[in-house]
Amino acid sequence: MCKKRIAALLSLMVLISCVNEPKSFIKFDGPTMAISKQNGLIYVADGYYNSRILIFDSNGNYLNSFGSKGYDKGEFQNPHSILLDFEDNLWVADRDNGRIQIFDNNNNFIKEVYGENLGRPWSLAITKDGLIYSLDGGDQGENKHAGLSILNIDGEILSYSNLHGNEIEKINWGHSISVNSNGSSCYITDIKLNYICKLDRVLINNENRVVFNPDFNWIYKVNKYVLRPLSIVECDNELFVGEDIPKASIKVFNSTTGEYKREILQGIFKKPHSISIDNNNFFWITDVDDNKVYKVSKEGEIILTLGDNK
């Protein structure tokens, strides 16, 4: 009986240590993006300092993690953006390693994509026909390149457009990208030029290539209302924009006309680094400076908060 009690006590001590340990382990340190899967699992790229992917259940309880800082497959140097494709594979923009890594539904490594026609991927977006847009934000410091790649679901680069420059229709430090449902337009926040660029996709069939034309009227109309645009997502003909300003909110525009519509979540954020939207039309907003992730309705109601590190 004594041995059974000792064994039970030891088991309890192990259980307590397993429960307590993740409370410190799951503290965010510069989270970059959060997304939610159809089954309710929440994936958070804890990017800037921990360089890992954290997984939570739909109630925000920590489940698992994978990845760490490094250069090998399955390791990251700032996973800056993440998305799910239509096969439920996880795409990670491994920014400082200059590549995209792709993982299956069980978080197993599938492949990596890198090269001159990808550059340094800062942000990813997906269209309803399964095309992946990868934003080459370039190098920090005296940047010499920036562009936009389009990939298929197999990770093959279909096209690359060099957008580097300091003019209004160009990109210098592209931070975040979003696309409308059919991929005909994309929206890019540039943190050096401090503006949002709208580019309309044109397919040149006889040359088998894609070009992007700036929508100047839209650009001038929207940028009267934003100061330092940082994060962006398009949903149902509306564009949601987070800014790198004190007590930031989310500003909402008509994504086609550029008309300013409303402002939600006033004064909530220190730095809303990214915005994603799930299949149930809930937003996932990552505050990189406050080390928090918010699940939010389109009306601006906060449903869930992850990462209270107090």
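## Terms and model

A residue is called buried when its relative accessible area is under 20%, exposed when over 50%, and partly exposed in between, with a 1.4 Å probe and protein chains only. The model is predicted: local features need pLDDT of at least 70, side-chain atom pairs count only at pLDDT 80 or more, and totals for chains, interfaces and linings use all residues. Residues are numbered from 1 along each chain as its sequence is written, and side-chain values use heavy atoms, without hydrogens and water.

## Chain overview

Two helices and 24 strands make up the secondary structure listed for the chain; these are DSSP runs numbered from the N terminus, helices being H or I of at least four residues and strands E of at least two. Of the 310 residues in the chain, 53% are buried.

Among contacts (heavy atoms within 4.5 Å) with a separation of 6 or more, 42% are between residues 24 or more positions apart.

## Residue S276

S276 lies in strand β21, which covers residues 272-277. S276 counts as buried because its relative accessibility is 7%.

The side chain of S276 comes to 2.6 Å from the backbone oxygen of A34. Between the C-alpha atoms of S276 and I82 the separation is 9.4 Å, although these residues are 194 residues apart along the chain.

## Largest pocket

A pocket is an open set of points on a 1 Å grid over the protein atoms alone, with protein on both sides within 12 Å along at least five of seven lines; lining residues have an atom within 4 Å of a point. The largest pocket holds about 1,000 Å³ of space, a volume being the space filled by probe spheres set on the points. Its lining has 44 residues, of which I126, E234, I277, D278 and N279 are the closest to the centre. Elements giving two or more residues to this lining are β1 (33-36), β5 (79-84), β9 (121-126), β13 (174-179), β17 (229-235) and β21.

The lining of the largest pocket comprises 18 nonpolar, 19 polar and seven charged residues. Here Ala, Val, Leu, Ile, Met, Phe, Trp, Tyr, Cys and Pro count as nonpolar, Asp, Glu, Lys and Arg as charged, and the others, Gly among them, as polar.

## Second largest pocket

The second largest pocket has about 220 Å³ of volume. Y48, H175, I191, L230 and K271 are the closest to its centre among the 16 lining residues. By class, seven residues of this lining are nonpolar, four polar and five charged.

Conventions: A polar contact is a pair of N or O atoms within 3.5 Å; within protein, one must be able to donate a hydrogen and the other to accept it, and residues adjacent in sequence count only if both atoms are side-chain atoms. On a 1 Å grid over the protein atoms alone, a cavity is a set of points where a 1.4 Å probe fits but cannot get out, and a pocket is an open set with protein on both sides within 12 Å along at least five of seven lines; lining residues have an atom within 4 Å of a point.
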